[in-house]
Amino acid sequence: MMIAFKNNRPFLQTGHCVISDYDVDWMEQVLLEAAQDAGTTLPCSREVAQAVMLYLENECPLHAVPLDYLFNRIRKMLEEVGLPLIASHLRSQTPPVEISLDSLAGEAPLPLFFYTRLDSQLKDLRRMGLTTYHFSGKKRCSLVLGCRRRACPTQRRALAELDAFLSRAS
């Protein structure tokens, strides 16, 4: 027997993109980044993130919430509960988009084509308003790009090149 719960959260809208896959962990991370940027801590970050999600799931009348609108509401809420410093450092950001590097390397196994395709994909995502990424499959990708089956100096060089590219691209 399987139990399914309906997700009542509204979509997040940024540019021409609509996002449905976001959760309390993402919201907590956003709040913790704001606190860190403000040079302070937010010991109740999980509870604040859960309160935001509870509002979105149960009280928000909109089916799609513009991302800037959501973050302006969160800033206002933080100011009202006595956290104006954190509110001033809160920046609007999208939930992370998963980019499967090993899958992309399987489609374009030569480094020149792989990096061109990855760069194009990142530009397309930015154009849609998506700015936060999570890259998966780095080790497998470096094996494909290095034409190797297991770790070796060539694979490690391919992994270092991949890491350097990703740090410049992010």
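**Helix α2 passes helix α3 in a right-handed crossing.** A crossing is called right-handed if the near helix is turned clockwise from the far one by less than a right angle, and left-handed if anticlockwise. The model is a predicted one, in which local features need pLDDT of at least 70 and side-chain atom pairs count only at pLDDT 80 or more, whereas totals for chains, interfaces and linings use all residues. Residues are numbered from 1 along each chain as its sequence is written, and side-chain values use heavy atoms, with hydrogens and water left out. The axes of α2 (residues 45-58) and α3 cross at roughly 130° and come within 12 Å; axes are lines fitted to C-alpha atoms, for helices over the stretch in contact, and angles run from 0 to 180 degrees between N-to-C directions. That makes α2 oblique to α3, oblique being what remains after roughly parallel (under 35 degrees), roughly antiparallel (over 145) and roughly perpendicular (65 to 115). Val48, Val52, Tyr55 and Leu56 in α2 meet Leu70, Arg73, Ile74, Met77 and Leu78 in α3, contact meaning heavy atoms within 4.5 Å. By class these residues divide into eight nonpolar, no polar and one charged (nonpolar: Ala, Val, Leu, Ile, Met, Phe, Trp, Tyr, Cys and Pro; charged: Asp, Glu, Lys and Arg; polar: the others, Gly among them).

**Helix α1 packs against α3 at an angle of about 60°.** The axes of α1 (residues 24-37) and α3 are 13 Å apart. The angle makes α1 oblique to α3, and the crossing is right-handed. From α1, Trp26, Met27, Val30 and Leu31 meet Leu70, Phe71, Ile74 and Leu78 of α3. This contact has eight nonpolar, no polar and no charged residues.

**Three strands form an open sheet in the order β2-β1-β3, with mixed pairing.** Helices (H or I, at least four residues) and strands (E, at least two) are DSSP runs numbered from the N terminus, and two strands pair if DSSP finds at least two bridges between them. β2 (17-19) and β3 (64-66) are at the edges with a single partner strand each, so one side of each has no neighbour in the sheet. From one strand to the next the twist averages 35°. Strand β1 (residues 11-14) and β3 run parallel and are joined by three bridges. Leucine 12 is opposite valine 65 in β3. Helix α3 (residues 67-80) lies across β1 and β3, at about 75° to β3.

**Cysteine 147 has a positive phi of about 55°.** The residue is in the loop between α7 (138-145) and α8 (153-169). Most residues other than glycine have a negative phi. Cysteine 147 counts as exposed, at 60% relative accessibility (buried is under 20% relative accessible area, exposed over 50% and partly exposed in between, with a 1.4 Å probe and protein chains only).
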